[in-house]
Amino acid sequence: MKPETAAIHTLNLVKSATGDVTIPISLSTTFFRDETGGYPGGHMYSRVSNPNRDALEKVISVLEHGAETCAFSSGNTAGMAVFQALKPGSHIIAPDDMYWGFKKQLQSIFEDTLTLDFIDLTDLSKVENYINPNTVMIWAETPSNPLLKITDIAELGKICKKNNLIFAVDSTFASPILQNPILLGADIVMHSTTKYIGGHSDVLGGSLTTAATNDFWAKIRNIQQIGGAVPSPFDCFLLLRSLKTLAYRMKGHCENASKLAQHLEKHPKIEAVYYPGLSSHPQHEIVKKQMSGFGGMLSILVKGDAQNARNVVNTVKIFAQATSLGGVESLIEHRASVEGPETKTPQNLIRISVGLEHIDDLIADIDQALNVV
Ligand SMILES: *Cc1c(COP(=O)(O)O)cnc(C)c1O
């Protein structure tokens, strides 16, 4: 099945006893045992598994072409489960512009147990120089935040395979519709389901999908079930509902972002536009190879300084000035002030999550804001 169909019908292939066409929310935390002590319904206790989480994990596995998925209560706990599953003393290679929440986890929570190199994963020629006998994993994030840098997944996959390393990809910005890292050689794909999969800025969640069920995956499943950072049945219900429109929402996000990027690239008040769909993007050829669309995220440099950028985000009326991404509403933010004083993000950078409003309204809004800077 194509993703549009799979997102809607994966669960309908097995008819429920009650004949529901959409899956009901199963709130019970505990499940009946039979005379032999078994669990005839397949569930024991809802931290370990429950019908809504099983359903969510199944649909994400199908869309990502993976063997299994673990759903978590946030993107951060999904990523953390991967780092927790590594033996103390392990060395990880991660991108220099890794999602700041993960960088913070690695540098604080895992400070005494893991060793790290944050490197530029747009240039794969030097990656092998950083591999040492303790290296166990390369973590990539593509497209990256906030500069929309691209890592060649298939090429990095070859390097990981050759050196026997686990290859994990944070594919949040792409969603399972635009990019499937497992098909390109990744072992684990991570999503903050809070973003495009949820798509309506009203549910927090994360997921990990594995290419194969192996010992490393068993550790992650154990961290999910025994660690217990799991999404509620209602969270899973909302995510399943959202998944059904994901493919169509992504088409809209891509179309709007692409038009906005082209418009802003020509705007006299704009110094630079970072969008993977522009032919000026330095990794545009790689993007075309590994993504079926260019996504809904873009960043711009406003001519001038931090104040000029802040003036723009303070003057727009339709774009909501807020962090996060992937929702139906367009969001805009001055990124450096979110990331704090140590950030390397340019002070005049604005990150935009392009939503599903009419593009003419979005362009008119940003133009009136750029007029005042
Ligand atoms: C938001 C985000 C995360 C973290 O997810 P939460 O759901 O906020 O915990 C991880 N990676 C990327 C790329 C993100 O955008």
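Here are some notes on this predicted model, one topic per point.

1. Let's start with the rings. The model holds seven aromatic pairs.

2. Is Y99 buried or partly exposed? Y99 counts as partly exposed because its relative accessibility is 24%, and the cut-off for buried is under 20%. F102, at a relative accessible area of 1%, is buried. If you step back, ring pairs link F83, Y99, W100, F102, F110 and W139 into a cluster.

3. K103 lies over the face of F118, 4.8 Å from the ring centre. For Y248, the charged end of K251 sits over the ring, at 5.0 Å from its centre.

4. Now for the ligand. Which residues come nearest to it? Out of 16 residues around the ligand, they are N76, D170, S192, T194 and K195. Helix α3 and strand β6 (188-192) each supply at least two residues of this shell.

5. Zoom in on the ligand's oxygen atoms. A backbone N or O atom of G75 is 2.9 Å from a ligand oxygen. In the side chain of T194, an N or O atom lies 2.7 Å from an oxygen atom of the ligand. K195 brings a polar side-chain atom to 2.8 Å from a ligand oxygen. How much of the ligand does the protein bury? Taken alone, the ligand exposes 380 Å², and the protein buries 91% of that.

6. A stretch of chain worth a careful look is the loop between β4 (135-141) and α5 (153-162), where you'll find P143. Most peptide bonds are trans. The bond from T142 to P143, though, is cis, with omega near -10 degrees. P146 lies in that loop between β4 and α5 as well, and the peptide bond from N145 to P146 is cis, with omega near 0 degrees.

7. Stay in the loop between β4 and α5 for L148. Most residues other than glycine have a negative phi. L148 has a positive one, near 55 degrees. L148 counts as buried because its relative accessible area is 2%. S324 has a positive phi too, near 85 degrees, and its place is the loop between β10 (320-321) and β11 (331-334). With a relative accessible area of 27%, S324 is partly exposed.

8. C70 is in strand β1 (residues 68-72) and is buried, with a relative accessible area of 0%. From C70 to A81 is eleven residues along the chain, and their C-alpha atoms are 9.9 Å apart. H200 lies in the loop between β6 and β7 (206-210), and at 33% relative accessibility it counts as partly exposed. H200 and M291 are 91 residues apart in sequence, with 23 Å between their C-alpha atoms.

Key:
Residues are numbered from 1 along each chain as its sequence is written. This is a predicted model: local features need pLDDT of at least 70, side-chain atom pairs count only at pLDDT 80 or more; totals for chains, interfaces and linings use all residues. Side-chain values use heavy atoms; hydrogens and water are left out. Rings of Phe, Tyr and Trp (its six-membered ring) pair if their centres lie within 6.5 Å; planes under 30 degrees apart count as stacked, over 60 as edge-to-face and the rest as tilted. Buried means under 20% relative accessible area, exposed over 50%, partly exposed in between (1.4 Å probe, protein chains only). A charge sits over a ring if NZ of Lys or CZ of Arg is within 6 Å of the ring centre and within 35 degrees of the ring normal. A residue is near a molecule or strand if one of its heavy atoms lies within 4 Å of it. A polar contact is a pair of N or O atoms within 3.5 Å; within protein, one must be able to donate a hydrogen and the other to accept it, and residues adjacent in sequence count only if both atoms are side-chain atoms. Accessible areas come from the Shrake-Rupley method with a 1.4 Å probe; for residues, only the protein chains shown count as cover. Helices (H or I, at least four residues) and strands (E, at least two) are DSSP runs, numbered from the N terminus.
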